[in-house]
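Reader: I would like to go through this model and ask, for each label, what it rests on. Please set the values against the cut-offs as you go.

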Amino acid sequence: MNPQLPIVNVLETLRLMSPEIFLFIWALVVITVDLFSSRKNDSLVGYTALVGIVIAGGLLAVTGEGVAFGAMFINDPLAIFFKIIFLGAAFMAVGSSFGITKQKVQNHRGEFYGLILFSTVGMMFLASSQELVSLYIGLELTTIPLFVLAAFYKDDKLSVESGIKYFVIGAFSSAMLLYGFSFLYGMSGTTKLLQMSVNIASIHLSYQSIGFTILIANVCILAGIGFKLALPPFHQWAPDVYEGAPTPIAAFLSVGSKAAGLVAFAKIFLIGLWGFIGVEMKPNDWGVLVGILSAVAMIIGNVVAIRQTDIKRMLAYSSIAQAGYIMIGMLALNEHGISSVAFYTFVYLFANMGAFAAVTVFEDKTGSTEIGNYKGLSQTSPFFAVVLSIFMLSLAGIPPLGGFMAKYKVFAAAIDQATMPGTFKWLYWLVGVGLLTSVFSLYYYVNVIKQMYFTKEASIYTMTFNKPVLIVLIICLVGVFVTGIYPEPILDFTDKIYTAFSFSVLK
Amino acid sequence: MVAYIAVAAVLFALGLFGVLTRRNIIGILMSLELMFNAVIINFVAFNKFVWPGEMIGQLFSLFIIVVAAAEAVVGLAIVLLLYRNWQDISNDNINVMKW
């Protein structure tokens, strides 16, 4: 017996998990700081949370790659990249909520920021999990704080309604997900994803009839994750929740929660069920199904967004459409596909969080989220108008900005796979739908710009920014331009992500 | 073993039906618990009959029980908020937002 080995293992585990552990403790610190800070100095708590997120990011950079807990917890490029996205989303959600807390949540700032941090910890665990139990716990740790956050304005009917809707949908989807997990466990006898892919493949060779059970498991898991991603027909909750929830939380939901769903999808379908795909050589079993869902997502999201008058609902439908675009990259099932998914999410982080931050500024000032009230803002607050316009153009995918680069990467990955011999021809159709709906999407994004610039009379409002929101807006602005003009450093990183998957089976 | 899985499937279907048709939020919460219980039966049955030895399935069901309890706590707290705002917890009336 060697007594030294366990200690080394524990230290290694602690080292790998240090960002998560630190952030978890820091969330408690944030709540405690709120108890001791005076009511007048009410930005102290927020700054504490921001500092914690930055330190966690630093720890993440120091930790590097590795494996712990018998391959249950793994830090590969995929996990690290998505953890950066989660931390960024948390940073921007906290940063843009300084103004809003002053008005509405004065006495509960600690809980507000603390819950955001807890949710981020859940997402980070999810990104690192390589095993169903920890994946499930990570997913729940992500969503349970978000239920509370969505219903945070306790006296506001809209907020409470969005909270209960999100709760029912969230609990329902995790029940569906678990029912699928139970069949995966029943077939493979393990909850470790890599082992599972091998076991399911070998069992499928000896018992062909197991295909039906796999189908049930696939459909249940797809429904569960579809709710998290807001893919139609599981999207109905998204606009209501986004409209009612506090705006920074809606932003956090649309980026953080969606990215978490993407990671869960990639882990389960591209790792756990990969062996099955490899044996059958028919990756389009669930692929066509998801392809149809993502096409419907792009169509419904973009068309319904056109007739929205509330900017938060408009952004909600736009995020449904964006999920459709991201899934095209996922369905390409190759190295470029998965790195384009990561890159798209990275760009989406800046563009969407920036847009929501601007909406938060406007809502703090005026209490309104109607698109009509944005008219004439270019004359009174030129900086605000320019910034919001740039985010809208990036979401629409106009060339010099990040959104174009991201869409190009996703479509290129899908076309790349479609040209290969095999059963991938339907990807052409998907890309076609994507291109066509991108054109529709221009209408409602540019509508906001039109309201701000092309009206005669000046707006009655003048926007003012507090420091954190200004920092968030500038980070997002820089991010949108850098990913559009000089994306090479980020692409170099995302190109390493495929190491988590074994796409070579298909070749 | 098939009997256990069948019972679980029936429970899950009942829960699903309840979630989709119930008008009362408390009823929806109870139906959700039924769905979680179906999953737990599945895990324990698979563990006992198909993969005896390692206790992964039972461990997973313990985790599910804990998380479902935490979820129910948050859910009931939100239901309380609903009651304070509407004096009612039937989901016919709680529908301010529409597309």
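Author: Take the contact between the chains to begin with: 42 residues of chain B and 47 residues of chain A take part in it. Keep in mind that this is a predicted model.

Reader: What area do chain B and chain A bury between them?

Author: About 3900 Å², and 78% of it is on carbon and sulfur atoms. On the chain B side, α1 (2-21), α2 (25-50) and α3 (56-86) each supply at least two of the residues that touch chain A. The helix of chain B that gives the most is α3(B), with 16 residues.

Reader: What makes up the side of chain B that touches chain A, by residue class?

Author: That side divides into 33 nonpolar residues, six polar and three charged.

Reader: How many salt bridges and how many polar pairs does the rule find across the interface of chain B and chain A?

Author: It finds zero salt bridges there. Five residue pairs are in polar contact across the interface, both residues of each pair being at pLDDT 80 or more.

Reader: Where are salt bridges found, then, and what makes E20(A) and K83(A) one of them?

Author: Over all chains the count comes to six salt bridges. The cut-off is 4 Å between a side-chain nitrogen of Lys or Arg and a carboxyl oxygen of Asp or Glu. For E20(A) and K83(A) the N to O distance is 2.6 Å, so the pair is a salt bridge under that cut-off. E20(A) is in helix α1 of chain A and K83(A) in helix α3 of chain A, 63 residues apart. Both E20(A) and K83(A) are buried.

Reader: Which residues are linked in a network of salt bridges?

Author: The network is made of E161(A), K165(A), D240(A), E243(A) and R313(A). One of its pairs is K165(A) with D240(A), at 2.7 Å from N to O. K165(A) lies in helix α7 (residues 157-188) of chain A and D240(A) in helix α10 of chain A, so this pair ties together parts 75 residues apart in sequence. D240(A) also meets R313(A), at 3.2 Å from N to O. R313(A) is in helix α14 of chain A, so that pair ties together parts 73 residues apart in sequence. K165(A) and D240(A) are both buried, and R313(A) is buried as well.

Reader: How do you know that the 15 residues of helix α17 of chain A span what they should?

Author: At 1.5 Å a residue, α17 (residues 382-396) of chain A should span 21 Å, and its end C-alpha atoms are 21 Å apart, so the two agree.

Reader: What makes α17(A) mostly covered?

Author: In α17(A), 11 of the 15 residues are buried, among them F384(A), F391(A) and M392(A). The cover includes α14 (311-331), α15 (335-366) and α19 (426-453) of chain A. Just after α17(A), G397(A) takes a positive phi of about 90°. As for α3(A), 18 of its 19 residues are buried, so it is largely enclosed by the rest of the structure.

Reader: Is L35(A) buried or exposed, and which of the two is S441(A)?

Author: Exposed means over 50% relative accessible area, and L35(A) has 66%, so L35(A) is exposed. Buried means under 20%, and S441(A) is at 2%, so S441(A) is buried. L35(A) is found in helix α1 (residues 4-36) of chain A, whereas S441(A) is in helix α19 of chain A. The side chain of S441(A) reaches the backbone oxygen of S438(A) at 2.6 Å. Leaving out residues up to four places away in sequence, S441(A) touches N302(A) and A396(A).

Definitions and conventions
Residues numbered from 1 in each chain as written. Chains lettered and ligands numbered in written order. Predicted model: local features only at pLDDT ≥ 70, side-chain atom pairs only at ≥ 80, totals over all residues. Heavy atoms only, no water. Contact = heavy atoms within 4.5 Å. Buried area = accessible area lost by both parts, 1.4 Å probe. Polar contact = N/O pair within 3.5 Å; in protein donor to acceptor, adjacent residues only side chain to side chain. Helix = DSSP H or I, 4+ residues; strand = E, 2+ residues; numbered from the N terminus. Nonpolar A, V, L, I, M, F, W, Y, C, P; charged D, E, K, R; others polar. Expected span 1.5 Å × (residues − 1). Buried < 20%, exposed > 50% of the residue type's maximum accessible area, 1.4 Å probe, protein only.
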